[in-house]
Amino acid sequence: MAKVKMLRVGSDKSISHRAAVLASVSLKKVIIKNYLFADDTINTIRALSQTGVDININGLDVIVNPKGKYSLKEPDDVLNMGNSGTGMRLLSGLLSGFDFLSVLTGDASLRKRPMMRIINPLRQMGAEILFRYGGLAPLSIRGKRNLNGIKYKQNIASAQVKSAILLAGLFAENDVCVKEPFKSRDHTENMLRFLGVDCVENNNGVCLGNNRVPLGDCEIYVPADISSSAFFVVLALLMKDMNIILKDIGLNETRSGILRILSQCEADYEILNRRVLNNEPIGDLVIKSKSALKPFVIDKEILPALIDEIPILSVLAIFCDGVSVVKDASELRKKESDRIKSICDNLKTLGVEIEEFEDGFKIHGHPGHKINPCKIETHKDHRIAMSFTILSAVSGVNLDIDGTQSIKTSYPGFFEHLSYILS
Ligand code: S3P
C-alpha cells in the first residue's frame with residue numbers, strides 16, 4: 001500500500017517580498033496572510049521598517065499600516081538584505097522614487113551578484129546610484145520624487161529587473177514599459193492590479209497606466225511556494241510507494257514549468273481544488289512515485305518558469321531513463337552560487353556522468369542509479385543544500401552536506417517537513 005502524506009510547504013518567497021514592498025507604499029492597511037518568515041523575507045520587512053513603515057507581525061500574518069506612496073523616510077543605517085537578490089533589486093527600484101539616501105548591502109554571496117542590470121534602467125529613470133567596481137553591492141541610492149518614464153527592453157528574462165523598473169515606475173509620470181525576451185514571473189504585475197494600479201500587458205511586455213497609486217485596504221494571501229514544493233515532488237517521484245498531497249501551491253503559469261517537466265517525464269500527477277486568490281492561481285498537487293521516468297529537456301522558453309528548480313530537477317535527472325539536458329541557462333551562474341558549477345562538480349563526485357557547458361549541462365541518468373557516499377559542497381546555496389538532502393533521502397546514501405544552515409534563507413521548515421514525510 002502506498003504511503004499517503006499531506007503537506008503545506010513554506011509560503012511563496014517571491015509573493016511575500018512583493019506583498020511587503022507594495023503594502024508599504026499603499027494608501028491603506030494591508031494584511032498579508034501566511035507571510036514567509038524566512039531570512040530573506042524577514043530582511044525585507046526589517047529594511048522597510050527601517051524606512052519608517054509601520055509593520056507588525058501577528059502569528060502567521062504581517063500587518064502593514066502604510067501612510068501612502070510618498071511616506072517612506074531616510075533610513076539612519078545601512079539596509080542589509082542578507083542573501084536575497086530579490087530583496088535588494090526590488091528595494092532598489094522602490095527607493096529610487098525617494099530623494100533620500102539609502103545604502104543597500106548583503107552577505108558575501110549577494111555582494112558578488114550582478115547589479116548593473118537594475119542600476120542601468122534606474123539611472124535612466126533619474127536615480128543616482130553608486131556601486132562597487134563591477135556593478136556590485138553595496139549600492140547607494142539617492143532617488144527622485146518624479147522619475148523619468150522609460151521604455152526598457154531587457155536582454156534577459158528577469159522578474160527582479162522588471163519588478164525594480166515597475167516599482168520605480170510608480171514614481172514616474174510618463175510611460176513606463178518593460179519588454180523581455182521570454183515572460184518572467186508576473187507576481188508584481190498581478191499584485192499591482194490587485195491593489196488598483198493600472199498595469200497592462202502588451203506583447204511580451206508590460207506597461208503602467210495612469211493610475212499608479214496602490215490602494216491597500218485588503219488582504220493578500222501568500223500561497224505555498226511551488227519552488228519549495230519541488231523538493232517534495234521529486235522526493236515523492238523517487239521514493240517507493242509514496243503519494244504526497246501538496247496543499248495550496250501557487251500555480252502561476254510563469255512559475256509552474258516543473259509541471260511541464262513532469263509531463264515530459266510521464267509522471268503521475270493531478271491538480272485539485274483550483275482557485276484564484278488575489279489574482280494568483282492556487283491548487284493542491286497530488287504526486288505519486290514512479291519507477292520509469294523519461295528524461296527531459298529544459299531550454300530558453302521554459303527556463304524562466306522553473307529557473308529555481310534546476311538543482312532539484314538535476315537530482316531527478318540522475319534517475320530518469322536517458323539523457324536529460326539543460327541549455328540556454330547561463331543565468332544559473334549568477335544565482336546564490338554558480339549553480340551550473342555547483343551541480344556539475346557535486347554530481348561528478350557522486351559518480352554521475354555529467355557534461356558541463358557554459359550555459360547548462362547533460363546528465364546521463366538511469367533508474368536505480370547508484371551514487372557514492374561523499375562530501376557535498378553547497379557553497380552556502382540553500383537550493384543546492386536542499387536538493388542534495390533530498391538525494392540522500394531517496395538514495396539512502398549518507399551524504400556529508402556542508403552548509404545546510406543556508407536553507408533557512410527560503411525554507412526554515414524544510415527539515416521538519418522532510419522528517420514528517422519520511423516518518
Ligand atoms: C525572483 C526572480 C528570479 C528567481 C529568484 C526570485 C523574483 O530571479 O531566480 O529566486 O522573486 O523575482 P531573476 O529575476 O534574476 O531571474
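How far does a polar side-chain atom of Ser 158 lie from an oxygen atom of the ligand? The distance is 2.7 Å. The views below are all taken from a predicted model.

**View 1. Residues around the ligand.** Eleven positions can be picked out here by name. Ser 14, Arg 18 and Thr 86 surround the ligand, together with the run Ala 157, Ser 158, Ala 159 and Gln 160. Arg 185, Ile 307, Asp 308 and Lys 335 complete the surroundings.

View 2. Ser 14 places a polar side-chain atom 2.7 Å from a ligand oxygen atom. For Arg 18, an N or O atom of the side chain is 2.6 Å from an oxygen atom of the ligand. Ser 158 also takes part, with a polar side-chain atom 2.7 Å from a ligand oxygen.

**View 3. Helix α1 against helix α3.** Helix α1 spans residues 13–24, and helix α3 spans residues 85–95. Their axes are 11 Å apart, and the packing angle is about 25°. Angles under 35 degrees count as roughly parallel, so α1 is roughly parallel to α3. The crossing of α1 and α3 is right-handed. From α1, the contact uses His 17, Arg 18 and Val 21. From α3, Thr 86, Gly 87, Leu 90, Leu 91 and Leu 94 take part. By class, this contact of α1 with α3 holds four nonpolar, three polar and one charged residues.

**View 4. Helix α7 against helix α9.** Helix α9 covers residues 310–318. The axes of α7 and α9 lie 9 Å apart, at an angle of about 5°. That angle makes α7 roughly parallel to α9. On the α7 side, look for Ala 230, Phe 231, Val 234, Leu 237 and Leu 238. On the α9 side, look for Ile 312, Val 315 and Leu 316. The contact of α7 with α9 has eight nonpolar residues, no polar ones and no charged ones.

**View 5. Helix α7 against helix α11.** Here α7 (residues 226–238) is shown with α11 (residues 382–395). The two axes come within 10 Å and cross at roughly 15°. The helices α7 and α11 are therefore roughly parallel to each other. Their crossing is right-handed. Ser 227, Phe 231, Leu 235 and Leu 238 of α7 meet Arg 383, Met 386, Ser 387, Ile 390, Ala 393 and Val 394 of α11. These residues divide into seven nonpolar, two polar and one charged.

View 6. The bond runs from Ala 137 to Pro 138. It is cis, with omega near 5°. Pro 138 sits in strand β8, residues 136–142.

**View 7. A positive phi at Asp 217.** Asp 217 is not a glycine, yet its phi is positive, at about 60°. Asp 217 is found in the loop between β12 (205–208) and β13 (218–221).

Methods:
Residues numbered from 1 in each chain as written. Predicted model: local features only at pLDDT ≥ 70, side-chain atom pairs only at ≥ 80, totals over all residues. Heavy atoms only, no water. Axes fitted to C-alpha atoms, helices over the stretch in contact; angles between N-to-C directions. Helix = DSSP H or I, 4+ residues; strand = E, 2+ residues; numbered from the N terminus. Parallel < 35°, antiparallel > 145°, perpendicular 65-115°, else oblique. Left-handed = near helix turned anticlockwise from the far one by under 90°. Contact = heavy atoms within 4.5 Å. Nonpolar A, V, L, I, M, F, W, Y, C, P; charged D, E, K, R; others polar. Near = heavy atom within 4 Å. Polar contact = N/O pair within 3.5 Å; in protein donor to acceptor, adjacent residues only side chain to side chain.
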